[in-house]
Amino acid sequence: AKENGRSHFEFFDKPLERMAHFQLELENKLRAAIKKHELSVYYQPQVDIREFKVRRVEALLRWFPEDGKPVPPSDFIPVAERAHLIGKIGYWVLEQACLQVKEWQSVGIENIRVAVNLSAQQFVGKKLVEDVKELIKKYGIEGRLLEFEITESILLEDLENVKEVLLELRKMDITVAIDDFGTGYSSLKYLQKLPIDSLKIDRSFIRELAENPNNKSIVNTIISLGHNLNLSVVAEGVEDKKMVAFLCERQCDFIQGYYFYKPMPVEEVTKILAQES
Ligand code: C2E
Ligand code: CA
Ligand code: CA
Ligand code: CA
């Protein structure tokens with residue numbers, strides 16, 4: 001980058017150029033997808049292990065292009081973040097969640113809490129608090145039926161700002177879970193300082209749970225830590241019976257994973273919830 005003339009060509013090196021092009025293309029496709037209503041929300045149940053009942057669901061974004069294969073959120077959410085589209089998309093997911101809580105209540109499906117994932121960008125300033133206040137009022141739902149899932153990286157941004165937002169959410173009875181717990185910059189300071197309600201044990205620790213003694217210890221430790229701090233603990237990515245047995249024995253509170261349910265369209269999850277209620 002020192003020699004002016006050359007650095008230009010170094011920067012637009014072939015692979016990089018291709019990657020930038022791919023990103024831009026995906027960004028444009030995503031903008032079009034929003035207009036064409038190609039995004040939808042799927043819901044994955046979380047099973048309460050004490051009663052083996054679904055009490056909560058996680059809202060997960062899906063993109064099904066009219067022409068072509070589904071694009072996974074791990075591909076398009078980073079693009080949405082870079083293009084500053086995540087605020088708009090995130091608001092839409094939140095509104096879908098509120099609408100769903102209201103619709104379920106209108107058909108007698110009560111007390112199902114919907115968890116919504118938040119990106120760091122949605123956590124800046126007062127926008128989130130104002131938005132959610134408005135939506136709760138618009139749909140006439142209780143805040144306690146909403147949960148936000150945030151990652152440890154959000155907590156690092158600006159602790160005072162984050163604390164303020166979390167306190168406002170708590171005033172509305174909205175709960176907050178730390179997603180992918182244990183994979184971030186594990187400072188335990190925020191657990192003690194912030195109003196948080198649950199920990200979600202990351203899938204990477206649940207994988208190979210039965211075979212890997214280290215994973216067993218980590219999962220054990222997270223469950224104890226959570227319970228000692230009066231937090232509920234959710235395990236995600238639970239795929240087999242052995243994992244369920246281990247987690248039940250250790251009294252993990254909620255289980256989410258393919259063993260019980262995959263993420264599914266709203267009509268399907270509604271059937272499951274209706275059978276149970
Ligand atoms: P996440 O929040 O950690 O969500 C859990 C992911 O694990 C989901 O992937 C889910 O489908 C998958 N999963 C659940 N159970 C199992 C299992 O038993 N086995 C395996 N192998 N996977 C399982 P998905 O739906 O592809 O979402 C990926 C990530 O995209 C999410 O990870 C989240 O970080 C992000 N995301 C999804 N929807 C939203 C959204 O509305 N807003 C934001 N900001 N991020 C979202
Ligand atoms: Ca999540
Ligand atoms: Ca997660
Ligand atoms: Ca994850």
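Which polar side-chain atom lies 3.1 Å from a nitrogen atom of ligand 1? It belongs to Q44. The model is predicted, so local features need pLDDT of at least 70 and side-chain atom pairs pLDDT 80 or more, while totals for chains, interfaces and linings use all residues. Residues are numbered from 1 along each chain as written, chains are lettered from A and ligands numbered from 1 in written order, and side-chain values use heavy atoms, without hydrogens and water.

Two further side chains place a polar atom by the ligand. For E239, the distance to a nitrogen atom of ligand 1 is 2.5 Å. For D179, the distance to an oxygen atom of ligand 1 is 3.0 Å. The protein covers 83% of the 800 Å² of accessible area that ligand 1 has on its own (Shrake-Rupley method, 1.4 Å probe).

The shell around ligand 1 holds 21 residues (a heavy atom within 4 Å). R62, S119, R203, E239 and Y258 are the closest. Strand β2 gives the most, with four residues (strands are DSSP E runs of at least two residues). By class, the shell has nine nonpolar, five polar and seven charged residues.

Ligand 1 takes the space of the largest pocket (more than half of its atoms within 2 Å of the grid points). A pocket is an open set of points on a 1 Å grid over the protein atoms alone, where a 1.4 Å probe fits, with protein on both sides within 12 Å along at least five of seven lines; lining residues have an atom within 4 Å of a point. The volume of the largest pocket is about 1100 Å³ (space filled by probe spheres set on the points). Among its 39 lining residues, E58, L60, P73, N117 and D179 are the closest to the centre.

How values were computed:
A polar contact is a pair of N or O atoms within 3.5 Å; within protein, one must be able to donate a hydrogen and the other to accept it, and residues adjacent in sequence count only if both atoms are side-chain atoms. Ala, Val, Leu, Ile, Met, Phe, Trp, Tyr, Cys and Pro count as nonpolar, Asp, Glu, Lys and Arg as charged, and the others, Gly among them, as polar.
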